[in-house]
Amino acid sequence: MKKVLLLLLVVFLAYWLVQAPNSFAEVLQDTAGWLWRTVRSLFESVIDVLDSLGR
C-alpha cells in the first residue's frame, strides 16, 4: 500500500511539474524557505537551552 501511495505522489508531482512549472517552483521555493527558517529556529533554540544549562 505504501508503494502505491508513493507512486501516486510521484505521478502527481510529475504531472504538476509538467502542467504548471511556475507554480510548482513557487511552492517548492516557499516550502524550502519555511523548512530553512524552521531548522534555524530549532538550532537557535537548542543553542539557547544549552547555553542556559552551562551557566
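Phe-24 is buried, at a relative accessible area of 17%. Buried here means under 20% relative accessible area, exposed over 50%, and partly exposed in between, with a 1.4 Å probe and protein chains only. The structure is a predicted model, in which local features need pLDDT of at least 70, side-chain atom pairs count only at pLDDT 80 or more, and totals for chains, interfaces and linings use all residues. Residues are numbered from 1 along each chain as its sequence is written, and side-chain values use heavy atoms, with hydrogens and water left out.

The protein chain holds two helices and zero strands. Helices (H or I, at least four residues) and strands (E, at least two) are DSSP runs, numbered from the N terminus. The C-alpha trace spans about 55 × 30 × 5 Å along its principal axes. The radius of gyration of the protein chain is 18 Å, whereas a compact globule of 55 residues would have one near 10 Å. This radius is taken over C-alpha atoms, and the globule rule is 2.2 Å times the number of residues to the power 0.38. Of the 55 residues, 2% are buried.

A pair of aromatic rings is described by the distance of the centres and the angle of the planes. Rings of Phe, Tyr and Trp (its six-membered ring) pair if their centres lie within 6.5 Å; planes under 30 degrees apart count as stacked, over 60 as edge-to-face and the rest as tilted. Phe-12 is partly exposed at 47% relative accessibility. Trp-16 is also partly exposed, with a relative accessible area of 23%. Trp-16 pairs edge-to-face with Phe-24, at 5.1 Å centre to centre and 90° between the planes.

Ser-52 lies in helix α2 (residues 21–54). Its relative accessible area is 48%, so Ser-52 counts as partly exposed. A polar atom of the Ser-52 side chain lies 2.8 Å from the backbone oxygen of Val-49.

Technical notes:
Polar contact = N/O pair within 3.5 Å; in protein donor to acceptor, adjacent residues only side chain to side chain.
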